[in-house]
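Take a look at the chain below. This report covers a few of its side chains and backbone angles.

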Amino acid sequence: MANLKIFVSSTCYDLNIVRGQLRSFINNVGYEPVMSDYNDVLYDPRDHTHESCVKEIQSADMVILIIGSRFGGKAIPKAIENLDIETIKAASKSTSFIDKGNISITQLEILKAVELEIPIFTFIDQKVSHDHLFYEKNKTKSGFLETVDFPSIDKR
């Protein structure tokens with residue numbers, strides 16, 4: 001019987017320690033981690049790496065998403081074309097960011113998992129969660145949020 005394949009989606013550089021610990025944990029419980037920074041993703045030299053990450057989601061049994069302080073690299077338009085936008089919109093509460101084309105590689109991976117109905121388990125850095133709650137409480141105050149620096153966010 002094949003091992004459960006767990007795709008780990010997050011930014012890599014700021015979360016490398018967490019990702020390494022998670023990889024050890026996944027291996028220790030007998031599952032197969034799929035992580036781009038460990039060369040677990042099959043990269044087709046004819047495709048962009050972003051496209052390869054999206055294609056790899058299809059072979060995952062589940063996805064673990066880790067949200068830290070960075071947005072990550074912006075996905076290339078060709079990789080975004082690999083998504084079934086209508087299916088994602090039907091399954092999602094908010095999809096306006098898709099129309100703007102400002103999608104990170106991590107978001108692209110998660111959107112593909114949503115499209116394919118692959119279970120996603122999300123873990124959020126406590127500082128980021130706190131800043132998000134602050135944002136939600138104040139987002140309707142005109143001009144206020146444009147002046148605020150959120151301490152947990154490295155790059156907007």
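Which residue lies over the face of Tyr-38? Arg-23 does, at 4.2 Å from the ring centre. Keep in mind that this is a predicted model.

**Aromatic rings**

The structure holds 1 aromatic pair. Its members are Phe-134 and Phe-150. A pair of aromatic rings is described by the distance of the centres and the angle of the planes. For Phe-134 and Phe-150, the centres are 5.9 Å apart and the planes are at 70 degrees. This pair counts as edge-to-face because the angle is over 60 degrees.

Phe-150 is buried, at 11%. Buried means under 20%, so Phe-150 falls in that class.

**Positive phi angles**

Now turn to the backbone. Asn-39 is not a glycine, yet its phi is positive. Glu-117 is not a glycine either, and its phi is also positive. The table sets out the details.

| Residue | Phi | Loop | Relative accessibility |
|---|---|---|---|
| Asn-39 | about 60 degrees | between β2 (32-34) and α2 (49-57) | 66% |
| Glu-117 | about 60 degrees | between α6 (105-116) and β4 (120-124) | 73% |

Asn-39 counts as exposed. Glu-117 counts as exposed too.

Note on methods: Residues numbered from 1 in each chain as written. Predicted model: local features only at pLDDT ≥ 70, side-chain atom pairs only at ≥ 80, totals over all residues. Heavy atoms only, no water. Phe/Tyr/Trp six-rings, centres within 6.5 Å; stacked < 30°, edge-to-face > 60°. Buried < 20%, exposed > 50% of the residue type's maximum accessible area, 1.4 Å probe, protein only. Lys NZ or Arg CZ within 6 Å of the ring centre and 35° of its normal. Helix = DSSP H or I, 4+ residues; strand = E, 2+ residues; numbered from the N terminus.
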